[in-house]
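Please read the following report on helix packing and pockets with the coordinates open beside it. The account takes up pairs of helices and then open spaces.

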Amino acid sequence: MAPSAAMAGTSDLSAYLQARAADADGRVDVAVAAYAQALAADPADPVLAIRAYREGIEAGDMALVDRAARVLNAAGVAPADAALFPLAEAARKGNASAASAAVATLAKGPLVVLAPSLYGWIAHAEGQDPTPALATAARDPVANRFAAETRALLANAPRKQALAIGVSRLLGRLAGDLVGGEPSPLSVALAQAALLADPGFDRNRVVLAAGLARNAIVDRALAVLDGVDPKGAFADAAMNQRIDILLNADREPEALALASARAEAKTAAVADWQRYADLLVTTNDPVAAARWYGKVVAANDATWSAWLQYGGALDQAGRWPEARVALARAVAQAPTEPLALNYLGFAQIEHGDDIAASTGMLERASRLDPQNASITDSLGWAYHLSGRTPRALPLLERAAQAEPTSMEISDHLGDAYWTVGRRYEARYAWRAASLTAEAKDMTRIADKIANGLPGAARR
């Protein structure tokens, strides 16, 4: 929707269009300046104001947020989260009466679940008993959960700065819950308000960065992380978040460079080696990953999962004899863990090692986790390779039904169908495999579709 007729002036329209273009490109700083210019020219347009409001939140420009919110309130169209910022400002200043007024507005919308806890913090800040306020949460299970957490925090909360601390922790807690779901402006608004209430609590910077990144505002998210104290309690969380953001933004070289620097540092801990190794696996460098997983298992009493990851990386790196030893360590430490049993059993089947014992291992894994499609596929494949294809087929079909987009499962099913003479179904399964196959597998699968399995008659 275009701005109102009052913005018909060329320069004002230019500012609006520049803001929209910058907004679409994720250039927050440019967009916020242009929206501020356009809103100054037409201070009563709610359509323009809502765009300026959201952009101001993303940029952390509280002056623009306040100006835009006033326009929206005057027009009676302010979003439910508009009361968060007066609340946060009042909390930061320790102004209990202003905070109460903001909570009263907030309680008229969907964020009413926060009201009992917020009133509890206000009561505590004023030297009153917070229990009556918190008791009102009993009518709603979500509000009651927040109230229970608030009671625990209040038990040790000093009265000085309690309002700022309480509002910051509560809003940040809800923002953290929301940030892992669908991209939402509410998660960003909550995190930004939490940070406004207590600018010194870096956890909310990490949450805000995650929310911005989920909304594809990557550069701004990285800039927010720049504000985290590099020697503070949340420095590691901020660095991990930065690596995740870069990786999800398809900026793998930058993510790898950061993870590598941390792993190579003299102060590096096992968690840094683990993180770098995990990243190397996701970027298809198992040779380097094996080296770092090796440092992890050598550092202390490694868990079965660490041995499993080490063995997996060794296997992918072409070092099967060493991989088998590491995977066996994982199974020895966790003999009832289906993932460990499945990996070792399947890998031994693939390498032609003791198929009978490996099949028994996979049967045990399947009994422990019968709904796991990957394990079901492994057991079916073991039966197929040992010449029991009729027994394998129901398992492979069940696995394919549970995971229809799995290239490996569809590929296995196609081989089994071909072996028992069901050629049409075999080609159908291979074509399904080709839909999700990686480049390295495409030629092999295309050859099967065209010619069938080697050594079998073509039909």
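Helix α18 (residues 304–316) packs against helix α20 (residues 338–350) at an angle of about 20°, with the two axes 10 Å apart. That angle makes α18 roughly parallel to α20, where under 35 degrees counts as roughly parallel, over 145 as roughly antiparallel, 65 to 115 as roughly perpendicular and the rest as oblique. The axes are lines fitted to C-alpha atoms, for helices over the stretch in contact, and the angles run from 0 to 180 degrees between N-to-C directions. Helices (H or I, at least four residues) are DSSP runs numbered from the N terminus.

The model is predicted, and local features need pLDDT of at least 70, side-chain atom pairs count only at pLDDT 80 or more, while totals for chains, interfaces and linings use all residues. Residues are numbered from 1 along each chain as its sequence is written, and side-chain values use heavy atoms, with hydrogens and water left out.

The passage of α18 by α20 is a left-handed crossing, a term used if the near helix is turned anticlockwise from the far one by less than a right angle. On the α18 side Trp304, Leu308, Gly312, Asp315 and Gln316 meet Leu339, Ala340, Tyr343 and Ala347 of α20, contact being heavy atoms within 4.5 Å. The residues of this contact divide into 6 nonpolar, 2 polar and 1 charged; here Ala, Val, Leu, Ile, Met, Phe, Trp, Tyr, Cys and Pro count as nonpolar, Asp, Glu, Lys and Arg as charged, and the others, Gly among them, as polar.

Helix α11 (residues 185–197) and helix α12 (residues 203–214) pack at an angle of about 155°, with their axes 9 Å apart, and are therefore roughly antiparallel to each other. Their crossing is left-handed. Among the α11 residues that meet α12 are Val188, Ala191 and Leu195, and the α12 residues include Val207, Leu208 and Leu212. By class, this contact has 7 nonpolar, 4 polar and 1 charged residues.

The axes of α24 and helix α25 (residues 423–436) come within 8 Å and cross at roughly 165°, which makes α24 roughly antiparallel to α25. The crossing of α24 and α25 is left-handed as well. Met407, Leu413 and Trp418 are among the α24 residues in this contact, and Arg423, Trp430 and Thr436 are among those of α25. The contact of α24 with α25 divides into 9 nonpolar, 3 polar and 5 charged residues.

| Pocket | Volume | Lining |
|---|---|---|
| Largest pocket | about 1200 Å³ | 30 residues |
| Second largest pocket | about 420 Å³ | 22 residues |

A pocket is an open set of points on a 1 Å grid over the protein atoms alone, where a 1.4 Å probe fits, with protein on both sides within 12 Å along at least five of seven lines, and lining residues have an atom within 4 Å of a point. Grid points are joined across faces, edges and corners, and a volume is the space filled by probe spheres set on the points.

In the largest pocket, Gln316, Tyr343, Phe346, Glu408 and Lys440 lie nearest the centre. The elements that give two or more residues to this lining are α18, α20, α22 (373–385), α24 (407–419) and α26 (439–451). The lining divides into 10 nonpolar, 9 polar and 11 charged residues.

In the second largest pocket, Asn73, Ala82, Ala83, Phe85 and Pro86 lie nearest the centre. Two or more lining residues come from each of α4 (62–74), α5 (84–93) and α6 (96–106), and the largest share, 6 residues, comes from α4. By class, this lining has 15 nonpolar, 3 polar and 4 charged residues.
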